[in-house]
Amino acid sequence: MSRQNPRRSLAKELAAAAASYQVAAVIPHCVTCSKPCCRLDPLVLELEWKQLKVIWLLDESRNAFDRRLASGKGPEEIRSADGLYFAHRKVCPAYDEGHGTCRVYDQDIKPAGCSDFPVYEDQGSITADLRCEAVDLKALVAWIARAIGPEFRIIQSADAEFPFLVTLSVKGGGRPGQGR
Ligand code: SF4
Ligand code: SF4
């Protein structure tokens, strides 16, 4: 019988806390957001081919699309790199601007980055993207602190290059593998 990995358990608690914060504080705001992330400006959406094909309603093969893109005749908002596609500076075709909703919201085809944004667990810490106007950093820290308990301290730090990306690191707790 294997023992539970304590670091992994904390990561799961953080992921659950991030998800519940999104449900409680972010998603209700999306329909009235003044700068929806789904307009993809300034955000960049990372897509696998299958996601691009479905969301952009492409009926050609991947090879044909790649040739079109390389010849400069593809959608101007799409770039490709390392086997992935990146959409930027044009509204996502799955975004219903009239209702402020996503047409693929409950579908597996929705890109992972859409579910993660703006608050997600990453390698035992929480990342918060303050470009989302619904994120209240102070309230988020309190939310995470309540979820993981008083034995942990939360240290916040902003990314040097992209200061709107804030990391909430968790220290203490006395669990093996955790810092103090
Ligand atoms: S930026 Fe935030 S509040 Fe606005 S649509 Fe995106 S997730 Fe919702
Ligand atoms: S797939 Fe949905 S959530 Fe993601 S950018 Fe498009 S409309 Fe927004």
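# A tour from the aromatic cluster outward

Start by selecting Trp49, Phe65 and Tyr85, which ring pairs link into a cluster. The model is a predicted one. Five aromatic pairs are counted in it. In the pair formed by Trp49 and Tyr85, the ring centres are 5.9 Å apart and the planes stand at 55 degrees, so this pair is tilted. Colour helix α2 (residues 49-55) and strand β3 (residues 84-88): Trp49 lies in the helix and Tyr85 in the strand, so the pair ties together parts that are 36 residues apart in sequence. Trp49 and Tyr85 are both buried.

Now keep Tyr85 and turn to Phe65. These two form an edge-to-face pair, with 5.9 Å from centre to centre and 70 degrees between the planes. Phe65 sits in helix α3 (residues 62-70) and Tyr85 in strand β3, so that distant parts of the chain, 20 residues apart, are linked. Phe65 is buried, as is Tyr85.

**The whole chain**

Zoom out and switch to a cartoon view. The chain holds five helices and nine strands. Read from the N terminus, the order of elements is α-β-α-α-β-β-β-β-α-β-β-α-β-β. The C-alpha trace spans about 55 × 40 × 35 Å along its principal axes. The chain has 180 residues, and 36% of them count as buried.

**Ligand 1**

Select ligand 1 and show its surroundings. Which residues surround ligand 1? They are Val26, His29, Cys30, Cys33, Lys35, Pro36, Cys37, Phe117, Cys132 and Ala134. By type, this shell divides into eight nonpolar residues, one polar and one charged. The space that ligand 1 takes is the largest pocket. Within the shell, pick out Cys132: its relative accessibility is 12%, below the 20% cut-off, so Cys132 counts as buried.

**Ligand 2**

Move to ligand 2. The residues around ligand 2 are Cys38, Leu45, Cys92, Ala94, Tyr95, Cys102, Val104, Pro111 and Cys114. This shell has nine nonpolar residues, no polar ones and no charged ones. The space taken by ligand 2 is likewise the largest pocket. Cys114, one of the residues around ligand 2, has a relative accessibility of 33% and therefore counts as partly exposed.

**Two cis peptide bonds**

Next, select Asp41 and Pro42. The peptide bond from Asp41 to Pro42 is cis, with omega near 15 degrees. Pro42 is in the loop between α1 (6-30) and β1 (44-47).

Then select Phe117 and Pro118, which are also joined by a cis peptide bond, with omega at about 5 degrees. Pro118 belongs to the loop between α4 (112-116) and β6 (119-122).

Select Asp82 in the loop between β2 (78-81) and β3. Its phi is near 50 degrees, a positive value in a residue other than glycine. Is Asp82 buried or exposed? The relative accessible area of Asp82 is 80%, so this residue is exposed.

Finish at Arg89, in the loop between β3 and β4 (95-96). Arg89 is a residue other than glycine with a positive phi, near 70 degrees. With a relative accessible area of 65%, Arg89 is exposed.

Note on methods
Residues numbered from 1 in each chain as written. Chains lettered and ligands numbered in written order. Predicted model: local features only at pLDDT ≥ 70, side-chain atom pairs only at ≥ 80, totals over all residues. Heavy atoms only, no water. Phe/Tyr/Trp six-rings, centres within 6.5 Å; stacked < 30°, edge-to-face > 60°. Helix = DSSP H or I, 4+ residues; strand = E, 2+ residues; numbered from the N terminus. Buried < 20%, exposed > 50% of the residue type's maximum accessible area, 1.4 Å probe, protein only. Near = heavy atom within 4 Å. 1 Å grid on protein atoms, 1.4 Å probe; cavity = no way out; pocket = protein on both sides within 12 Å on 5 of 7 lines; lining within 4 Å. Sits in = over half its atoms within 2 Å of the grid points. Nonpolar A, V, L, I, M, F, W, Y, C, P; charged D, E, K, R; others polar.
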